Amino acid sequence: MKKIMIKPIALVFAAVLFCFSSIAQTTPPANKVNTVQPKIMVIPFTKEGEDIRTILEQDINRRVAISKVKEGFDNRGFTTVDFSAKLKTALDDKLFTSENQSDFKTALVEMSGADIYVEVEVPPMISTSGGNAARLILQAFDASTANSLGNKVCESNRMNTTDYGALVMSALSKTNLGSKVSPCLEEFLNAMQIKFNDIVENGRSVKVDFSLAPGSKFKFSTEISPDGLPLSDVLDTWMGENSVKNNYHVQGVTDVKVFFDDVRIPLKDERGNNYNPNKFALKIYQFLKTKGMNPGKQIKNGTIYITIK
């Protein structure tokens, strides 16, 4: 049998290659970033007098637009919530009986479990001698506070077709004059992700409005035991201790009102569960109870209203 001789230099070279291969397999990229991606629900934009419960049944173009925008998010790896499925469940189970359109939308968004909802406005098809085009207006909002997370207008190329689905896809994937410019949906997603990352890192912004009920025995200048500090300062200290990274801002203090216009609360609690303004309001409520107060609380559009009785 013929023996195969391996020269020492070849053994050394093979060992070096093995070392580099091992390092490449075990060492993570230095620039890898652990990005938290939000759960998104795409919903139709509604004007005054329109009912979100029936709007998709009446307009096929809106159904197409909602479907294509959701599909665009799905194709980029985002977790999405199906608006139509959630709406059907809510209606079938008679979960909401309010006749108020805005209240129903808010309740539906809360029920969905989405972190962000994206409203899609679909103006009429643009028809010119050069062809037809679709224009979509996308607006993203924090589901818990309704704070804006970005907006974008996407318009398709002029095309000789009445296929609205094709026009919508053209609008979402269209690049601007430079070939290096990202498609419209990509730009919208990137801007939205940056703002969501800020929420993950620094908390979401809520407003907290403290007021006094008629006949309350307290004023915001009332000294509170055991430290003997005015109530306004007690609240200020508590906000510093309970906001994310001591990040809060008090806009005004009077004898009858204290208003914090930007208090950062966490996205998740200590157990990793969703944390929302209602949980923060409950925490305020429990704190004030320990000070011998009987507070009332209400939450609307990202503002927490606390009334001290």
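Reader: How do the residues of the lining of the largest pocket divide into nonpolar, polar and charged?

Author: Good place to start, and keep in mind that this is a predicted model. The largest pocket has 26 lining residues. By class, they divide into 10 nonpolar, 10 polar and 6 charged.

Reader: Which residues lie closest to the centre of the largest pocket?

Author: The largest pocket holds about 720 Å³ of space. Of the 26 residues that line this pocket, the closest to its centre are Thr-106, Glu-110, Ala-143, Ser-144 and Asn-301.

Reader: What about the second largest pocket: which element gives the most to its lining?

Author: This pocket has about 170 Å³ of space. Helix H3 (60–75) and helix H4 (83–92) each supply at least two of its lining residues. Among the residues of the lining are Arg-63, Ile-66 and Lys-70. With 6 residues, the element that gives the most is H3.

Reader: Which side chain does the side chain of Arg-62 join in a polar contact?

Author: Start with the neighbours, leaving aside residues up to four places away in sequence: Arg-62 touches Phe-45, Glu-50, Ile-55, Leu-56 and Val-122. A polar contact of 3.0 Å joins the side chain of Arg-62 to that of Glu-50.

Reader: Now for Arg-264, in strand S12 (residues 257–265). Why does Arg-264 count as buried?

Author: The cut-off for buried is a relative accessible area under 20%. Arg-264 is buried because its relative accessible area is 16%.

Reader: With which side chain does the side chain of Arg-264 make a polar contact?

Author: Beyond residues up to four places away in sequence, Arg-264 touches several others, including Asn-202, Arg-204, Ser-243 and Asn-247. Asp-198 is also one of the residues that Arg-264 touches. The polar contact, at 3.3 Å, is with the side chain of Asp-198.

Reader: Where is the place of Asn-246, and how accessible is Asn-246?

Author: Asn-246 is in the loop between helix H8 (231–242) and strand S11 (248–253). Asn-246 has a positive phi of about 60° although it is not a glycine. Asn-246 counts as partly exposed, because its relative accessibility is 48%.

Reader: What is the phi of Ala-146?

Author: Ala-146 is in the loop between strand S6 (135–142) and strand S7 (148–155). Its relative accessibility is 33%, so Ala-146 counts as partly exposed. Although Ala-146 is not a glycine, its phi is positive, at about 65°.

Reader: Which residues does a cis peptide bond join?

Author: Look in the loop between strand S9 (223–224) and strand S10 (229–230), where Pro-226 has its place. The omega of the cis bond is about 10°, and the residues that it joins are Ser-225 and Pro-226.

Reader: How many helices and strands does the protein chain have?

Author: The protein chain has 309 residues, and buried residues make up 38% of them. Among contacts with a separation of 6 or more, 59% are between residues 24 or more positions apart. The secondary structure comes to 9 helices and 14 strands.

Reader: What is the mean pLDDT of the protein chain?

Author: In the chain, 83% of residues reach a pLDDT of 70 or more. Over residues 1–34 the pLDDT is below 50, and this stretch has 1 contact in the model beyond near neighbours in sequence. Residues 177–181 also have a pLDDT below 50, with 3 contacts beyond near neighbours in sequence. For the chain, the mean pLDDT is 82.

Notes: Residues are numbered from 1 along each chain as its sequence is written. This is a predicted model: local features need pLDDT of at least 70, side-chain atom pairs count only at pLDDT 80 or more; totals for chains, interfaces and linings use all residues. Side-chain values use heavy atoms; hydrogens and water are left out. On a 1 Å grid over the protein atoms alone, a cavity is a set of points where a 1.4 Å probe fits but cannot get out, and a pocket is an open set with protein on both sides within 12 Å along at least five of seven lines; lining residues have an atom within 4 Å of a point. Grid points are joined across faces, edges and corners, and a volume is the space filled by probe spheres set on the points. Ala, Val, Leu, Ile, Met, Phe, Trp, Tyr, Cys and Pro count as nonpolar, Asp, Glu, Lys and Arg as charged, and the others, Gly among them, as polar. Helices (H or I, at least four residues) and strands (E, at least two) are DSSP runs, numbered from the N terminus. Buried means under 20% relative accessible area, exposed over 50%, partly exposed in between (1.4 Å probe, protein chains only). A polar contact is a pair of N or O atoms within 3.5 Å; within protein, one must be able to donate a hydrogen and the other to accept it, and residues adjacent in sequence count only if both atoms are side-chain atoms. Contact means heavy atoms within 4.5 Å. pLDDT is the predictor's confidence in each residue, from 0 to 100.
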